[in-house]
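Here is a friendly walk through a structure, from its overall build to a few local details. Please keep the 3D view open as you read.

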2 protein chains.
Amino acid sequence: MEKINNFSFSGKSCGLKKNKNLDVGLMVSETPLNVSAVFTRNKVKAAPVIISKKNSKNVIKALIVNSGNANACNGKYGILDAKRVLESVSKEIGAAPENIFICSTGVIGERLDATLIERAVPELVKAADKSGFDDFAKSIMTTDTFCKTASKEVILDGVKYSIIGTAKGSGMIMPNMATMLAFIFSDIPLSKEKADEIFKDCVETSFNSITVDGDTSTNDTAAFFYPHAGENTEKVNKERSFKKSSANYNIVKNALSEVCFELAKMIVKDGEGATKFIKITVMNAYTESGAKKIAFTVANSPLFKTMITGEDLNWGRIMAAIGRSSVPLKPENIDIYINDKLIVQDSTVFKGLSKAEEKYVLSPKEIDFKIDLKCGKKNRSVLTCNLTKEYIDINASYRS
Amino acid sequence: MEKINNFSFSGKSCGLKKNKNLDVGLMVSETPLNVSAVFTRNKVKAAPVIISKKNSKNVIKALIVNSGNANACNGKYGILDAKRVLESVSKEIGAAPENIFICSTGVIGERLDATLIERAVPELVKAADKSGFDDFAKSIMTTDTFCKTASKEVILDGVKYSIIGTAKGSGMIMPNMATMLAFIFSDIPLSKEKADEIFKDCVETSFNSITVDGDTSTNDTAAFFYPHAGENTEKVNKERSFKKSSANYNIVKNALSEVCFELAKMIVKDGEGATKFIKITVMNAYTESGAKKIAFTVANSPLFKTMITGEDLNWGRIMAAIGRSSVPLKPENIDIYINDKLIVQDSTVFKGLSKAEEKYVLSPKEIDFKIDLKCGKKNRSVLTCNLTKEYIDINASYRS
């Protein structure tokens, strides 16, 4: 069970989910926090995204999240209902609504029953304590099959700090900013400017490098909470020589990166219906954005994903996906390695593989693809999973 | 059975497909033809695409096609093997290899056994006649469950002409130029310049407006063959006042358009595992390319496709797909109609639908979506199908 100074957590069932699973979670902080947050780039934004984007400029005292309803596409009622939730938390903890961060996840286009959350808030506040992180993490799950948390300790100038985080997947996942929801908490005093910078980088190589089904949600939010200490933070940061690329800066960045990456990995492993975990690295591209585009084109190809399910080494589908990504490359130059075995050399089959090896190359649960374009110097990795019949079962009846 | 002056067709089984289905087809013309052709924009191009692109500048005397092997990603052997096939046809019909059009479809990255085709060519040539079109059409099928042909007659200045066509689908279909293979033949004498112009437009609104799985193949080719008569054609065209938007021009364009569109529709209907036929029209966008991008983003969304399979009106998935398409729009303005029933009004649920209506809105086999952005004046339609477990069955074991 993860604990962290100053942060209290709780999770309850308020009735949004019919199966009585936890569906509303709260974080309350003893001291004011800053938040560095990235939100969905989807033009259709859920009401809580619109509100939290605004509130993230203020100091934050609490975070309220519900699952079971995304509160998206509800017109003016979306904002009204989200504000009712904020009011009820505000009343209980004595902080203004502007100092509360709010998120929702679940079905789109059904009105949020704010009364259910209002009723649960007093109990949530009462229950909130240092050991409530697991309940909080459970309360944000939707089709997730396991609860996703990660943590890391760092020592800065002899003082021990913690970073703990939780995230939820597991469909409508190709974040264009962040996964549906990811929350990371730390007791490291950081300036907002530095934290924003570090967090943005961490998100790009973790939550922005995964895909389950290529669908970016209306609610994607990744938020990193840490103590707000005003000028004091600046002073602490300065004393620690917290400049970009300094030792302390790198310690924090690496630790935060690891927590984000671990959570991102869990989201992919728990992709709806997924049975295989896939890493695709595009190497030696002309640009990093080109490498990323190719990796995502392969990762989102239904033909690639079903090939993995069938464990059938039909590598032409990888070549076709690379070629249609419209990224500049040398079409005759491509090498492909699967779990470090050379499969394709100069865009045609490598003959060195025995029939038996070919048969089993896709049988592991975790499969590592390296696509070497041999034309530039830039690399990029993305994580994904396979496409199975279970994905279709889950999504043909998500609401029922 | 379709017949057309000057064109002879045949189809045979040469052994590329293990199940003895027809796998090689031939068209021979008594008189020289022109061809207007569009090819895949995939950067990884199959050998026959590279060759036919070059040959399409010459007059054409024959077309040879095989299924069962795409002859893509075979390095230098790809070109060598395709040339061997051309040589064998050339020898039998007495035309230069440069005057023959060649296409392949099937598995990528396995070497084409040119010997099998060489052996079949003499018989193919002998069998070719006016009534062989059905055999030809069958010989290009891969996972297609039915043979796709369409035809149209037109009268120009009192003379009757024909347009007949065939196409094959049905996976790796999101043509970025044309479907995997589509061939259209006509006895209308046209100048290459005019035919190129007309055919390009027809392809854009037919084969370039469909998607099964978002995967563009390495072999996509759509080709339109018609009599080459050199200066004579120009004269005929001139006499017929064949200017853009003249009556004759429109007759030909409309007829060719209909043939292309009918074939495109059949490809979607025969999409791998598909049980529903879906038309998505985006209306009142700022630009046509924006309308097309939104329509394709919705059409390729696995969450949208599985919702159709489950007949579950989870329209928030449509909103999410529209929003992530990164096309300029007014996010609060969107109306969605399904089979002309208003479902979403101003980006939120329309209340006028009864529970019973809501339940059955997705039950028809053919479903028409209209997405009205209410911000500009441009419209665009695309065709697609749903995603079912059968798609996964088919593609998890395509090679076996």
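This is a predicted model: local features need pLDDT of at least 70, side-chain atom pairs count only at pLDDT 80 or more; totals for chains, interfaces and linings use all residues.

Residues are numbered from 1 along each chain as its sequence is written, and chains are lettered from A and ligands numbered from 1 in the order in which they are written.

**Overall build**

Let us begin with chain A, which has 12 helices and 15 strands; helices (H or I, at least four residues) and strands (E, at least two) are DSSP runs, numbered from the N terminus. Its C-alpha atoms fill a box of roughly 70 × 55 × 35 Å along the principal axes. Of the 400 residues in chain A, 58% count as buried. Here a residue is buried if 20 or more other C-beta atoms lie within 10 Å of its own, exposed if 12 or fewer, and partly exposed in between, with C-beta atoms placed from the backbone. Among contacts in chain A with a separation of 6 or more, 80% join residues 24 or more positions apart; two residues are in contact if their C-beta atoms, placed from the backbone, lie within 7 Å.

**Two domains**

Chain A is assigned domain 1 (7-269) and domain 2 (277-395), with bounds from an automatic or database domain assignment. Their C-alpha centres lie 33 Å apart. Where they meet, 12 residues of domain 1 of chain A are in contact with 11 residues of domain 2 of chain A. On the domain 1 side, β8 (210-211) and α7 (247-269) of chain A each supply at least two residues, and α7(A) gives the largest share, 4 residues.

Helix α2 (residues 75-93) of chain A has 19 residues and should span 27 Å at 1.5 Å a residue, which agrees with the 29 Å between its end C-alpha atoms; the expected span is 1.5 Å times one less than the number of residues. Its buried residues include A:Asp81, A:Val85 and A:Leu86. Among the elements covering the buried residues of α2(A) are β3 (60-67) and α3 (114-127) of chain A. After α2(A) comes A:Gly94, whose phi is positive, near 70°.

Is A:Glu239 buried or exposed? This residue of helix α6 (residues 231-239) of chain A is exposed, because 10 other C-beta atoms lie within 10 Å.

**The sheets**

In chain A, 7 strands form an open sheet of mixed pairing in the order β8-β15-β10-β14-β11-β12-β13. The edge strands of this sheet are β8 and β13 (348-349) of chain A, each pairing on one side only. Two strands pair if DSSP finds at least two bridges between them. Chain B has an open sheet of 7 strands, with mixed pairing and the order β8-β15-β10-β14-β11-β12-β13.

| Strand | Partner | Bridges |
|---|---|---|
| β12 (residues 341-345) of chain A | β13(A) | 2 bridges, antiparallel |
| β11 (residues 335-338) of chain B | β12 (residues 341-345) of chain B | 3 bridges, antiparallel |

Within these pairs, A:Val344 stands opposite A:Val349 in β13(A), and B:Ile336 stands opposite B:Val344 in β12(B).
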